Amino acid sequence: MEENRFDLIVIGGGPGGYSAAISAAKEGLSVLLFSGGAIGGTCLNEGCIPAKYLLDKAAALEKIRALTEKEIIREPGLFSFRKIQRGREEVIKKLTGGVAYLLKANNVKVIRGFASVREAGKAECGGKVYEAKDMIIATGSESMDIPIAGAEYTINSTQALALERVPKRLVIIGGGVIGMELASAYCAYGSEVTVLEALPELFPAEDERMISYLERELKKRGIRIRTGCKVKVIEKAGQSRRVFFEGEEPEEVYADAVILAAGRRAVCRGIDTQSLGLALTEKQEIAVDEHMQTSVPHIYAIGDVIGGYQLAHAAYAEGETAVAHILGKNGSEQKPGVQAVPRCIYTLPPCAAAGYTQAEAEHRGIATVRGEFPYSGNGMALAEGAEGLVQVIMDKETRTTVGVQIVGEGAPELLSFASLAVEKRMTAQEWQQFIVAHPSLSEMVKEAALDCFGKSVHGAVR
Ligand code: NAD
């Protein structure tokens, strides 16, 4: 193989790009990966992982406070936010180092630089041209700016994760996943948090019962959530910021820091979409088919740059689909069942869902039954002091699982086997035969599934 010729060029070293590069290399392809930003992309460096580090320590503080209230712990803990931030950096370093090692061990050639692509099959970087038959674009997304006067007085989620001090008063513009996760973390660290969300409700696509439970819990912890509020202007007021917003009537709120978390948009840095003739969606994302092929033969796109879920695990799966197609496999065995893509919100408490909500299933013409099980009926949850709710939605006719929603401690971990049940359309009978460990939080998912047809042993009698 010539030095500058490869089977596959991957552009972007985030979860989508690096995992596709490794998968392709494992299948015997020679792979070149360009990573302009840090290896691991947004997820590892300034998104999912650092957010989870901050949330984990925030959850520990919540737990200590709950135990202090019960007088089990006598002295409430003082904490060092500076140390927490150093710990966050260490975890990022460890993980990005691990990914760099994996790329090397799998013989993926990595170039740390932004590639420019004007012609299919060719990428240029540092004055050199590299060629490949196939190309995967995985250039990701960035925080979306919105036209608000005074937006320069806000910080984005990357900056919010790296603050050196806990702001006394924090305003978050946008009550989406990023906004609410940051709200949870900083509330636990002691900020007075106000979330301003333009829509009339939080997470309108998710299950209403689960979200109103979540909203109640977040408010109980002291987070002020204002829905139906559009931020208009931000002004500097001495060391503070004054945020003007319009709800039922114009109002203002003061803050020491204002986070703008109003969504993310696709970025195609270095990709000359016009000269390549790449078709874009209305939102300026790269348009792809079910094999992740763009409108240009041999160019694929995956991850945030194609819009959709904008989740790292969706990007992994899209990468697998693209690589399977490049290898000439039909790809159907690699394609994830879209309905079972896990959706997790790592708030305190977290929530997680896969498949249809009951409303969506009914909207699609599926007659459903809903089963539920509260954390208050589960031994493990009581032992851990966890509160929450599990719901399972089944197709009434076929008696198969079509959706699961969980709010409460451990929800994202519980969702993994629950989403498998959705993906495999697990039947009521299979749930009955399935053994889960006792005591465990997992028991609640089985109980909620059995509750769909009145068979839950520990659930409420109805
Ligand atoms: P989002 O689209 O989920 O939420 C942005 C919110 O901002 C929306 O609810 C919108 O109505 C609101 N908004 C927009 N303009 C506003 C204004 N002027 N005033 C008040 N509110 C306004 O976007 P996000 O939270 O930035 O997340 C971006 C992407 O990253 C999403 O696709 C998300 O799924 C993904 N993400 C996922 C996770 C996770 O899976 N746990 C974590 C972080 C991010």
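Predicted model: local features only at pLDDT ≥ 70, side-chain atom pairs only at ≥ 80, totals over all residues.
## Helix α3 and its two partners

Two packed helices are described by the angle between their axes and the distance between the axes. Helix α3, which spans residues 48-69, approaches helix α4, residues 81-105, with the two axes coming within 9 Å and crossing at roughly 140°. The crossing of α3 and α4 is right-handed. On the α3 side, the residues that take part are Ile49, Pro50, Tyr53, Leu54 and Lys57, and they meet Ile84, Gln85, Gly87, Arg88, Val91, Ile92 and Leu95 of α4. Sorted by class, the contact of α3 with α4 comprises eight nonpolar, two polar and two charged residues.

Helix α3 also packs against helix α6, residues 177-188, and here the axes come within 8 Å and cross at roughly 45°. The two helices α3 and α6 are therefore oblique to each other, and α3 passes α6 in a left-handed crossing. This contact is formed by Ala51, Lys52, Leu54, Leu55, Ala58, Leu61 and Arg65 of α3 together with Glu181, Ser184, Ala185, Tyr186 and Ala188 of α6. Its residues divide into eight nonpolar, one polar and three charged.

## Helices α1 and α9

Helix α1, made of residues 15-26, packs with helix α9, made of residues 312-326, at an angle of about 35°, and the axes of the two helices are 8 Å apart. The crossing of α1 and α9 is right-handed. From α1, the contact draws on Pro15, Gly16, Tyr18, Ser19, Ala20, Ser23 and Ala24, while α9 supplies Ala312, Ala315, Tyr316, Gly319, Glu320 and Val323. By class, the residues in the contact of α1 with α9 are eight nonpolar, four polar and one charged.

A backbone N or O atom of Ile178 is 2.9 Å from an oxygen atom of the ligand, and a backbone N or O atom of Gly263 is 3.0 Å from an oxygen atom of the ligand. For Val177, a polar backbone atom is 3.2 Å from an oxygen atom of the ligand.

## Backbone geometry in loops

Leu348 and Pro349 are joined by a cis peptide bond, for which omega is about 0°. Pro349 is found in the loop between β17 (343-345) and β18 (351-355). Another cis peptide bond joins His438 and Pro439, with omega of about -5°, and Pro439 lies in the loop between α13 (428-433) and α14 (443-451).

Phe203, although it is not a glycine, has a positive phi of about 40°. This residue, Phe203, is found in the loop between β9 (192-196) and α7 (208-220).

Notes. Residues numbered from 1 in each chain as written. Heavy atoms only, no water. Axes fitted to C-alpha atoms, helices over the stretch in contact; angles between N-to-C directions. Helix = DSSP H or I, 4+ residues; strand = E, 2+ residues; numbered from the N terminus. Left-handed = near helix turned anticlockwise from the far one by under 90°. Contact = heavy atoms within 4.5 Å. Nonpolar A, V, L, I, M, F, W, Y, C, P; charged D, E, K, R; others polar. Polar contact = N/O pair within 3.5 Å; in protein donor to acceptor, adjacent residues only side chain to side chain. Parallel < 35°, antiparallel > 145°, perpendicular 65-115°, else oblique.
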